[in-house]
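Thanks for coming, everyone. Let me put the structure up, and then we will walk through it.

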Amino acid sequence: MAINLVTKHAKQIATRFVQRSLIAGRLSEQYSWAGAKTVVVYTPQTVPLGEYQRTGTNRYGTPTEMQDIVQEMTLTQDKGFALTIDKGNNKDQNGIKSAGRMLALQIDERCVPTLDAYVFSRLAQLAGFVVGNPTALTKSTVCDRISEGTVKLDDSEVPQDNRTLFVSASTYKMLRLSEEFIGVDKLAAKSLTKGQVGEYDGMPVIKVPKGRWPANVNFMIVYKNSATAPVKINETKLHQDPPGISGNLLEGRMYYDCFVLGAKCDGVYVEINTGSGAGTVLAKPTIAAATGEITVPSGATCKYTTDGTDPRYSKTAQIGTSAGTGVGTVVKAYCYKDGSYPSEVAEATLTA
């Protein structure tokens, strides 16, 4: 005769490991999308100094009307979710799916990682400096490579404070072995923020898990006021016994995006691993000064401007490979392609 063993179901539920947002609070919050989908930012253009003339009517120089560079930032990410917890199913499972706990679980396991992953991806694509390096990082080279990034920021006069060093888990593994890295044990007296695993060159170090990190990025240095990640709508709802459902309906919506500010783009530096089988940073396009024709890598799309503005962020940027003609016209162009990181900006002054 068979022996029927008892099966017992635990009252506890097993959930994934979760952690809070690693980017929240580390980007600018100066801009508001209240009442609008698009925010327009104007950057007034100053003029260089010239020699003062002690005679004549324009002794300070010829007056020039101050111009503006216009950048439009339009929200594109509008995500939602809906979950039901049937009352009968929940009772049969001994009520383990508390609606409040399940809603918190959805936020921790899905909403926060999705938002972080998008923001880090956008930072990598829109950075002022996107640098490819085919040589693998090692514990003996990681500090020098990061320092190359800080030099770029320093030379661009990016403020020393409010910089954050974001690293992948593999980069952190090497960085933590360097003498320059200050680990959390030595920083225990300080108030460490969420996600911080140490400090390097005065910058908090944030280790980002693979699921939230852009492919083939070694590290990124981000100055807080160089980018913004607005979340215009971040709401959740819990409905008890709504029409058509015996139980709970959990709903949520996030309306958000991420932008790098063109005037401050040099405050974002990203290093890409371009070794064999790794990532690709597109080659800079070439501009023919005599014809205005632009040559780009195969399959890439080109954006250009003819007013001297940066085509990565300017409202006046156009898509194409023919910038026209006009002696003295300054053409700036860059290219981008799905699955690759964008090129540097090429510049040429037309001669015809």
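**A walk through the model**

Start at Asp241, which is partly exposed, with 41% relative accessible area. A word on terms: buried means under 20% relative accessible area, exposed over 50%, and partly exposed in between, with a 1.4 Å probe and protein chains only.

Now the ground rules. This is a predicted model, where local features need pLDDT of at least 70 and side-chain atom pairs count only at pLDDT 80 or more, while totals for chains, interfaces and linings use all residues. Residues are numbered from 1 along each chain as its sequence is written, and side-chain values use heavy atoms, with hydrogens and water left out.

Back to Asp241. Which residue does it pair with? Lys87, in a salt bridge with the closest N and O atoms 3.1 Å apart. Lys87 sits in helix α1 (residues 87–92) and Asp241 in the loop between β11 (231–240) and β12, so the pair ties together parts 154 residues apart in sequence. Lys87 is partly exposed, at 34% relative accessibility.

By salt bridge I mean a side-chain nitrogen of Lys or Arg within 4 Å of a carboxyl oxygen of Asp or Glu. Helices (H or I, at least four residues) and strands (E, at least two) are DSSP runs, numbered from the N terminus.

How many salt bridges are there by this rule? Nine. Here is another one: Glu72 with Lys315, at 3.3 Å between the closest N and O atoms. Glu72 belongs to strand β2 (residues 67–74), and Lys315 to the loop between β17 (301–305) and β18 (318–319), so this pair joins parts 243 residues apart in sequence. Glu72 is partly exposed, at 39% relative accessibility.

Next, Glu271 and Arg145. Their side chains meet in a salt bridge, 2.8 Å from N to O. Glu271 is in strand β14 and Arg145 in helix α3, so to speak distant parts of the chain, 126 residues apart. Are these two buried or exposed? Both Glu271 and Arg145 are buried.

On to the inside. A nonpolar core is a set of buried Ala, Val, Leu, Ile, Met, Phe, Trp, Tyr and Cys residues joined through side-chain atoms within 4.5 Å. The largest one has 37 residues, and those touching the most other members are Phe120, Leu123, Phe166, Val217, Met220, Val260 and Val270. At least two residues each come from β3 (77–86), α2 (99–126), β8 (203–208), β9 (217–223), β12 (247–256) and β14 (268–273). Which element gives the most? α2, with eleven residues.

Met73 is in strand β2 and is buried, with a relative accessible area of 0%. Its C-alpha atom is 8.7 Å from that of Cys258, 185 residues apart along the chain.

Last, backbone angles. Most residues other than glycine have a negative phi. Glu157 has a positive phi near 60°. Glu157 lies in the loop between α3 and β5 (163–168), and it is exposed, at 70% relative accessibility. Asp201 also has a positive phi, about 50°, although it is not a glycine. Asp201 is in the loop between β7 (196–200) and β8.

That's the tour. Thank you.
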